[in-house]
Amino acid sequence: MVERFEALRDAQPYIFPESITTDRGASYVSRHFSDACRTLGTSLTVNAEYSATQKAKIERMFRTVKDLFTQYAIAFLGQSTDMRGDEVIATSQLLTLEQLQELFEDWVAVSWQNRPHKALRDPRNPRLMLTPNQMVAAYREIAPELQVPLTAEKYIALLPTEWRVINHYGVDIDLRVYDSTELGPLRKKRSPHHRQQGKWPFHVDPYNPMTVWLELGDQFVPLDWRSPYSGAPMADEVWRVARAQAAARGESEPSTDDLNEVMRRFMYKGNALPTKRQKKRAISARTDPLAITNQLPHVAPASPPGSEPEGADDVDDEKVDAVPEKPAWPVAAPFGMTRSPDEA
């Protein structure tokens, strides 16, 4: 079953949209979304308020998703309060948003992409309905498309942007202080972005709190998190759990007791073993020549000045396979490039 799911996932086509039409949801009218569309060269159209007819196909798609997927999810209670019953479901049986997202992606790859659609018909044989995968395959026969992976700079440019002042000690983002030696001439200086009151744009990866990137024209300057806890094992996981416990009590910062409790829990529990599916995805990401992280150069280590490799007199001119140094952007699926070049 797992092999079948993976095969159908790999067969799912990816497209590069020329235009996107959205409603006025907070995520779609945000500056980050519009900047991402501008970076990718995608035209963005925002509908007028309370005008569902301007995107009728999407609204119809929502009903199809509800009929074929959502209603079968655990704890589905209908689209309105008058459809809800008195069924009580234990919290342990509920799916997290991440689990529901992965389940939905599996449904799209396995069911939706291989289900004949009424709108996809052969013009010469109208009785023949095609699946999305069949239609894309037919178009690829006529107009092939090369999938070019994102570069490291392009990926960073798509990350959310936070506007901050550069202080004498660095930059404060989410109660974490980031700094770099390259900030020297910019400390306590106003940026040329007058609409942001002189603040500077920093790109933040929600899944990697160790590094942020200052955007300076066409280049991105990495800044490291200056904290004694930044290199500790599982530091990010511990702080996230402890912060969630503090937020449940209405506090902004976790206490020492929170951190101790979470550390004890991690020591007893340890890291969860990767599933067979996760292992296969990691191997696929490392071996795929078009993967994002595999587009980055691997640099051989330089020998310290004045030092010679051991046994150099015996080898003479014979070639020795040098062990490659850790690349400038470590290769780790799926987001290995969001690491600082200074990380050891």
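**Briefing: sheet, cores and aromatic pairs**

Among contacts in the protein with a separation of 6 or more, 53% link residues 24 or more positions apart; contact means heavy atoms within 4.5 Å. This is a predicted model, in which local features need pLDDT of at least 70, side-chain atom pairs count only at pLDDT 80 or more, and totals for chains, interfaces and linings use all residues. Residues are numbered from 1 along each chain as its sequence is written, and side-chain values use heavy atoms, with hydrogens and water left out. The secondary structure comes to ten helices and ten strands. These are DSSP runs numbered from the N terminus, with helices (H or I) of at least four residues and strands (E) of at least two. Of the 344 residues in the protein, 27% are buried. Buried means under 20% relative accessible area, exposed means over 50%, and partly exposed lies in between (1.4 Å probe, protein chains only).

**The six-stranded sheet**

- Six strands form an open sheet in the order β5-β8-β9-β10-β7-β6, and the pairing is antiparallel. Strands pair if DSSP finds at least two bridges between them.
- β5 (161–164) and β6 are the edge strands, and each pairs on one side only.
- From one strand to the next, the twist averages 40°. Axes are lines fitted to C-alpha atoms, and angles run from 0 to 180 degrees between N-to-C directions.
- Four bridges join β5 and β8 in the antiparallel sense. T161 stands opposite H203 in β8.

**The hairpin**

- β3 and β4 form a hairpin, with two residues between them.
- Two bridges join β3 (residues 121–122) to β4 (residues 125–129), and the two strands run antiparallel.
- R121 has M129 in β4 as its bridge partner.

**Nonpolar cores**

- A nonpolar core is a set of buried Ala, Val, Leu, Ile, Met, Phe, Trp, Tyr and Cys residues joined through side-chain atoms within 4.5 Å.
- The largest such core has 15 residues. I166, F202, L214 and L223 have the most contacts inside it.
- Two or more residues of this core come from each of β6 (171–173), β8 (200–205), β9 (208–216) and β10 (219–225).
- Leaving out residues up to four places away in sequence, L223 touches V171, Y178, D179, S180, L183, F202, M210, T211, V212 and L214.
- Another core lies apart from the largest one. This other core has six residues, among them Y155, I156, W213 and F220.

**Aromatic pairs and a charge over a ring**

- The structure holds five aromatic pairs. Rings of Phe, Tyr and Trp (its six-membered ring) pair if their centres lie within 6.5 Å; planes under 30 degrees apart count as stacked, over 60 as edge-to-face and the rest as tilted.
- Y28 and F33 form an edge-to-face pair, 5.5 Å centre to centre with 70° between the planes. Y28 is partly exposed at 36% relative accessible area. F33 is also partly exposed, at 21%.
- F69 and F104 are another edge-to-face pair, 5.3 Å centre to centre with 65° between the planes. F69 lies in the loop between α3 (56–68) and α4 (97–110), and F104 lies in helix α4, so the pair ties together parts that are 35 residues apart in sequence.
- F69 is buried at 12% relative accessibility, whereas F104 is partly exposed at 27%.
- F69, F104, W107 and W112 make up one aromatic cluster.
- R176 lies over the face of W225, at 5.6 Å from the ring centre. A charge sits over a ring if NZ of Lys or CZ of Arg is within 6 Å of the ring centre and within 35 degrees of the ring normal.
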